[in-house]
Amino acid sequence: MKPVHILKISEFRHEGSEDIHANTLENHLATRHKDIAEPHSHNFYLAILFIKGHGRHEIDFTDYEVKPGALFFLNPGQTHYWELSADTEGYIFFHTRDFFEAWFTANELRSFPFFYSMHSKPVVYLNQEELTEATHYFKKILEEFTTDKAWKKNAILCYINLLYVQATRWFDEDILPIAENNNGYYQRFRQFEDLIETHFVTEKSPGFYADKLAITLRHLNRISQNITGKPAGDIIAGRIVLEAQKELALHRGNFKKIAEMLGYEDYAYFSRFFKNNTGETPSAFAKRYTNK
């Protein structure tokens with residue numbers, strides 16, 4: 001099977017800048033459209049600001065509106081795809097984890113609410129005053145990225161950090177997880193997510209993950225409910241469904257092999273599981289991506 005297309009930051013080379021890339025959105029669309037014509041993911045952290053145009057931005061198979069003031073953040077590994085109007089304008093930048101954290105050693109990227117986890121809200125819609133401020137940061141990042149001035153990397157990092165801090169303030173308080181006030185829960189949930197990423201094909205029981213974390217299943221569910229509002233079983237199921245959606249969107253066929261790849265020998269059972277979690281059958285889901 002063809003894997004989900006993963007764009008690597010090394011594909012966007014710029015002299016002296018192999019771990020950071022910045023561009024206007026319109027130029028990015030013109031030069032890289034062949035890479036984003038179907039759902040794909042990245043190995044870097046991504047920020048996108050729309051200042052003109054409209055459309056839809058699908059992230060991990062959930063639709064979000066594109067309009068002026070839409071500010072999106074994506075984690076490495078998230079799948080996205082968009083349909084945008086011809087007059088779309090804005091800015092985009094992306095960077096590796098090491099680029100940011102090697103400088104801001106006390107500022108982990110996953111401490112920002114939009115990078116908490118795959119379950120974080122990926123967009124905030126800015127008012128005009130906020131859009132003006134965000135546009136300033138994106139412009140300065142692009143300006144520094146394309147300059148030959150001394151201390152260029154330092155300047156880029158400072159503007160990125162200022163944007164991330166301000167964006168944290170713009171995000172609604174109700175989306176900030178309780179983990180902000182309970183770091184222990186947050187750290188445990190991240191460990192839970194990391195374990196799921198490693199074992200979700202072979203291990204689907206919440207009890208397995210509770211044992212790995214050396215906590216009770218009841219406590220794991222308490223952590224998961226506090227962070228996401230969902231029990232641990234739903235988080236595991238969500239990761240399995242997401243992988244199934246990636247495969248279905250790209251391959252559009254041989255559903256039985258996709259089920260087997262995800263650890264389900266009984267396709268009928270897998271089909272029921274998929275429908276219970278998404279509201280549609282695998283074939284109905286795949287049809288939506290037939291012409292992409």
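The predicted model holds 29 aromatic pairs. One of them joins Y267 and F270. The ring centres of Y267 and F270 are 6.1 Å apart, and the planes meet at 45 degrees, so this pair is tilted. Tilted pairs fall between the stacked limit of 30 degrees and the edge-to-face limit of 60 degrees. Both residues belong to helix α10, which spans residues 267-278. They are three residues apart, about one turn of the helix. Y267 is partly exposed, because its relative accessibility is 25%. F270 has a relative accessible area of 1% and is therefore buried.

F270 also pairs with F274. Here the centre-to-centre distance is 6.2 Å and the angle between the planes is 45 degrees. This pair, too, is tilted. F270 and F274 are four residues apart in α10, again about one turn of the helix. Both F270 and F274 are buried. F270 thus takes part in a pair with Y267 and in a pair with F274.

Elsewhere, aromatic residues form a cluster. Its members are Y45, F73, Y91, F93, F100, F112, F114, F115, F138, Y164 and F171.

The strands come next. An open sheet is built from five strands, in the order β2-β9-β4-β7-β10. The pairing is antiparallel. Strands β2 (20-24) and β10 (123-125) are the edges, each pairing on one side only. From one strand to the next, the twist averages 10 degrees. Within the sheet, β4 (residues 45-52) pairs with β7 (residues 70-74) in the antiparallel sense. Four bridges make up this pairing. L49 has L71 of β7 as its bridge partner.

Helices lie across these strands. Helix α3, residues 128-145, lies across β2, β4, β7, β9 (89-95) and β10. The helix α3 runs at about 120 degrees to β4. Helix α4, residues 152-170, lies across β2, β7, β9 and β10. Its direction is at about 110 degrees to β9.

T96 occupies the loop between β9 and α2 (97-101). The relative accessible area of T96 is 19%, so the residue counts as buried. The cut-off for buried is under 20%. A polar atom of the T96 side chain lies 3.1 Å from the backbone nitrogen of F99.

N221 is located in helix α7, residues 217-228. This residue counts as partly exposed because its relative accessibility is 23%. Apart from neighbours within four places in sequence, N221 contacts P231, A232 and G233. N221 and A210 are separated by 11 residues in sequence. Their C-alpha atoms are 9.0 Å apart in space.

Technical notes. Residues numbered from 1 in each chain as written. Predicted model: local features only at pLDDT ≥ 70, side-chain atom pairs only at ≥ 80, totals over all residues. Heavy atoms only, no water. Pairing = 2+ DSSP bridges. Helix = DSSP H or I, 4+ residues; strand = E, 2+ residues; numbered from the N terminus. Axes fitted to C-alpha atoms, helices over the stretch in contact; angles between N-to-C directions. Contact = heavy atoms within 4.5 Å. Buried < 20%, exposed > 50% of the residue type's maximum accessible area, 1.4 Å probe, protein only. Polar contact = N/O pair within 3.5 Å; in protein donor to acceptor, adjacent residues only side chain to side chain. Phe/Tyr/Trp six-rings, centres within 6.5 Å; stacked < 30°, edge-to-face > 60°.
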